[in-house]
Each structure stands twice: as C-alpha cells, then as structure tokens.
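Here is a short tour to read alongside the viewer. Please have the sequence at hand as we go from overall form to individual residues.

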Amino acid sequence: VLFYEFLKQGLPKDEALRQARLAYLNESDPLNQHPYFWAPFIQMGNSAPINMPQSRKGWWWLALGVGVLGLGLTWMQRKRAA
C-alpha cells in the first residue's frame with residue numbers, strides 16, 4: 001500500500017519502493033524486519049514516475065451525460081406508450 005501511495009506522490013518507481021521498504025522496516029516489529037519479508041520485492045524495467053491525472057472532472061461529465069441520456073430515453077418511452 002505504501003508503495004502505491006509513494007507512486008501517487010510522484011516518486012520514481014525505484015524510490016517509491018525504497019521509501020516503502022524503509023517505512024516497513026521502521027513500522028514493523030523486529031521479528032518481521034528480516035529480509036525474508038521484504039527482499040523479494042524488486043523494481044525491474046523503467047523506473048520513471050507514473051503520470052497520474054490529478055483531476056477527475058471528465059468522469060463527472062460522462063456520468064452527467066449518461067444520466068441525461070437515460071432520462072431522455074425514459075421520457076421518449078413514456079411518450080410513445082401514451
């Protein structure tokens with residue numbers, strides 16, 4: 001979870017994984033700090049940050065459009081039935 005939170009903050013993938021490991025080591029009890037629990041998680045490939053859109057306004061317009069379309073279709077069906 002921390003890895004994805006650090007990615008969301010705009011960190012490169014390798015740095016997000018590093019920060020997540022450090023946070024895990026600082027927050028876990030001593031029995032779970034053994035590398036067995038955290039060493040299998042590695043970063044491979046492109047380590048560039050993931051560009052995540054900050055605004056979700058497009059989804060609201062889509063939902064509004066679908067709602068208006070649904071109301072229009074309902075109105076047309078009722079008009080035909082009458």
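## Overall form

What percentage of the 82 residues of the chain count as buried? The share is 10%, where buried means under 20% relative accessible area, exposed means over 50%, and partly exposed lies in between (1.4 Å probe, protein chains only). Please keep in mind that this is a predicted model, in which local features need pLDDT of at least 70 and side-chain atom pairs count only at pLDDT 80 or more, while totals for chains, interfaces and linings use all residues. Residues are numbered from 1 along each chain as its sequence is written, and side-chain values use heavy atoms, with hydrogens and water left out.

The chain has a radius of gyration of 24 Å, whereas a compact globule of 82 residues would come near 12 Å. That radius is taken over C-alpha atoms, and the globule rule is 2.2 Å times the number of residues to the power 0.38. Along the principal axes, the C-alpha atoms fill a box of roughly 75 × 30 × 20 Å.

## Helices and contacts

You will find 4 helices and 0 strands in the chain, giving the pattern α-α-α-α along the sequence. These elements are DSSP runs numbered from the N terminus, with helices being H or I of at least four residues and strands being E of at least two. Contact here means heavy atoms within 4.5 Å. Among contacts between residues at least 6 apart in sequence, 46% join residues at least 24 apart.

Leaving aside residues up to four places away in sequence, Lys13 touches Phe3, Leu7, Gln43, Asn46, Ser47, Ala48 and Ile50. Pro35, 22 residues from Lys13 in sequence, is 20 Å from Lys13 in space, C-alpha to C-alpha.

## The largest pocket

How much space lies in the largest pocket? The volume is about 330 Å³, meaning the space filled by probe spheres set on grid points that are joined across faces, edges and corners. A pocket is an open set of points on a 1 Å grid over the protein atoms alone, where a 1.4 Å probe fits, with protein on both sides within 12 Å along at least five of seven lines; lining residues have an atom within 4 Å of a point.

The lining includes Val1, Leu2, Phe3, Trp38 and Gln43. Two or more lining residues come from each of α1 (2-8), α2 (13-27) and α3 (35-38), and α2 gives the largest share, 4 residues. By type, the lining has 10 nonpolar, 1 polar and 1 charged residue; Ala, Val, Leu, Ile, Met, Phe, Trp, Tyr, Cys and Pro count as nonpolar, Asp, Glu, Lys and Arg as charged, and the others, Gly among them, as polar.

The structure holds 1 salt bridge, defined as a side-chain nitrogen of Lys or Arg within 4 Å of a carboxyl oxygen of Asp or Glu. Arg18 and Glu15 form it, at 3.4 Å from N to O. They sit 3 residues apart in helix α2, about one helical turn. Arg18 is partly exposed at 45% relative accessibility, and Glu15 is partly exposed at 26%.

Now for the loops. Gln9, between α1 and α2, is exposed at 59%. Its C-alpha is 9.6 Å from that of Ile50, 41 residues away in sequence. Ala39, in the loop between α3 and α4 (57-81), is partly exposed at 36%. Ala39 and Arg21 are 8.9 Å apart, C-alpha to C-alpha, and 18 residues apart in sequence.
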